[in-house]
Amino acid sequence: MNHKTAPVELRERLAVPESEIADILQHCVSDPSIREASLLSTCNRVEMTVVTHDPDAAIAAVHTWFANKAGMDIELVSEHLYSHTAEEAIRHLFAVASGLDSLVLGEPQILGQVKSSYEHALSAGTAGHVLHRLFQSTFAAAKRARSETNIGRQSVNISSCAVELARHIFGDLAGKTVLLMGAGEMAELAARHLRANGCSDILVANRTLKRAEALAVEFEGHALSMEQLPDYLDAADIVLSSTGASTFVLLPDVVAAAMKKRRNRPMFLVDIAVPRDIDPRIAEIDDVYLYDIDDLQQVVQGNVEQRQEEAELARKILEEEELAFLVWLKSLETVPMIRSIQQQMEQQRAEEVEKALRYMKDFEPEQLQAVERFSKALMKRYMHPTLRTLKTLPDDIEGDLLMGAATRLFDLDLPQSRHLHSVPATKGKNEQSSG
């Protein structure tokens with residue numbers, strides 16, 4: 001699910017802390033239908049990418065995980081979910097990593113988040129041969145899209161959108177005091193945008209005071225512990241929250257007390273965390289303007305049109321990279337067949353050489369080695385056109401026919417091949433195009 005198919009109230013129930021990812025992935029691959037798995041969890045999306053030989057079973061397994069994680073019936077969750085298989089799965093992951101499926105078109109942070117999802121799968125031991133190649137292709141595709149088009153240069157990020165919203169509330173931001181809850185990358189980006197727009201005083205509250213101090217020093221601000229938050233909240237005109245907390249950090253009674261001290265001066269709060277940091281009931285307090293990450297879509301839509309042309313150029317680049325990966329993926333289907341043919345031919349060659357050796361009792365060792373080399377060279381030359389054709393089969397009906405013919409001609413008994421599927425869950429009625 002993502003910001004297009006599910007509201008923040010549901011996405012926050014499915015947000016996965018980094019400390020839980022390894023256990024979830026290992027549980028995922030314990031299902032007999034799933035061979036490899038990765039999990040991407042951000043404020044705007046929760047997606048699993050899996051390698052499976054049984055897509056229906058894999059979809060059902062991941063579908064169940066989503067429902068259990070949300071603590072809801074499958075029927076209620078499924079309408080917010082989407083799934084992509086084979087080529088569509090590759091296309092979707094490429095688009096996600098390139099920022100083409102983001103709330104903010106072209107935003108750069110998502111590529112780092114996709115890389116982290118791959119690293120978590122590696123650490124958990126759930127990324128194998130297929131996912132390794134898929135993610136390397138994904139990173140290469142995203143790099144080309146960003147370097148060969150202006151999609152990244154023209155993008156804005158969530159933090160800059162929050163600043164634009166603040167300008168709608170206050171007009172001029174000069175002299176306004178900002179309180180940042182959380183001291184991560186999003187908070188740092190917000191601080192840069194706010195300072196550039198005239199905000200003079202920046203307060204940084206964080207669970208780890210040392211990190212708050214480091215960010216505060218960078219922007220000539222003041223660091224706070226979370227325990228000090230109620231004492232300084234009334235000084236804040238703008239509050240931007242992006243912590244990694246699993247429960248609300250800011251509650252109505254604390255904000256109500258701060259607003260009494262502010263004497264009707266408005267307070268603007270933006271909660272870009274998922275799960276949310278700020279209790280939504282706070283919006284009911286007079287002179288408080290609370291926005292969450294879904295509200296930022298209104299700001300984002302105003303900037304989309306000018307980046308659509310660059311997005312189309314980026315998609316063409318992704319199509320080229322997708323085709324290259326598909327060629328490699330298709331080649332995996334012929335590997336067992338080629339290996340079986342080679343083993344079969346080698347066995348038959350060895351048997352015929354053994355028969356021939358009965359009539360070569362007077363041959364010297366060098367002569368016997370020459371016979372061995374000759375038989376191998378003859379077999380290799382004879383089989384080369386066949387194996388070369390199997391390695392480069394077209395991905396269409398012709399390719400399937402040739403594989404079927406080879407299976408019958410060589411009397412092969414092959415296991416079912418594996419296929420790649422991105423499987424957040426079964427397709428829901430609210431699915432929107434992901435690019």
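1. Helix α5 is followed by G99, whose phi is positive, near 85°. Helices here are DSSP runs of H or I with at least four residues, strands are runs of E with at least two, and both are numbered from the N terminus. The model is a predicted one, in which local features need pLDDT of at least 70, side-chain atom pairs count only at pLDDT 80 or more, and totals for chains, interfaces and linings use all residues. Residues are numbered from 1 along each chain as its sequence is written, and side-chain values use heavy atoms, with hydrogens and water left out.

2. Helix α5 covers residues 87-98, and its end C-alpha atoms lie 17 Å apart. The buried residues are A89, I90, H92, L93, F94, A95, V96, A97 and S98.

3. For helix α2 (residues 18-29) and helix α6 (residues 109-124), the axes come within 9 Å and cross at roughly 60°. Axes are lines fitted to C-alpha atoms, for helices over the stretch in contact, and angles run from 0 to 180 degrees between N-to-C directions. The pair α2 and α6 is therefore oblique, given that angles under 35 degrees count as roughly parallel, over 145 as roughly antiparallel, 65 to 115 as roughly perpendicular and the rest as oblique. The crossing of α2 and α6 is right-handed, meaning that the near helix is turned clockwise from the far one by less than a right angle.

4. An open sheet is formed by 6 strands in the order β6-β5-β4-β7-β8-β9, with parallel pairing. Two strands pair if DSSP finds at least two bridges between them. The edges are taken by β6 and β9 (288-292), each with a single partner strand, so one side of each has no neighbour in the sheet. From one strand to the next, the twist averages 15°.

5. Strand β4 (residues 177-181) pairs with β5 in the parallel sense over 5 bridges, and V178 has I202 in β5 as its bridge partner. Together, β4, helix α9 (residues 185-196) and β5 make a right-handed β-α-β unit. Right-handed means that, with the strands pointing away from the viewer, the path from the first strand over the helix to the second runs clockwise. In β5, 5 of the 6 residues are buried, so the strand is largely enclosed by the rest of the structure.

6. Strand β5 (residues 201-206) also runs parallel to β6 (residues 222-225), and 4 bridges join them. The chain passes from β5 through helix α10 (residues 209-218) to β6 in a right-handed β-α-β crossover. V204 stands opposite A223 in β6, while the bridge partner of N206 is S225.

7. E220, in the loop between α10 and β6, has a positive phi of about 55° although it is not a glycine; its relative accessibility of 69% makes E220 exposed. D287, in the loop between β8 and β9, has a positive phi near 70° and is likewise a residue other than glycine. With a relative accessible area of 29%, D287 is partly exposed.

8. V274 and P275 are joined by a cis peptide bond, with omega about 5°. P275 is placed in the loop between β8 (267-271) and β9.

Definitions and conventions:
Expected span 1.5 Å × (residues − 1). Buried < 20%, exposed > 50% of the residue type's maximum accessible area, 1.4 Å probe, protein only.
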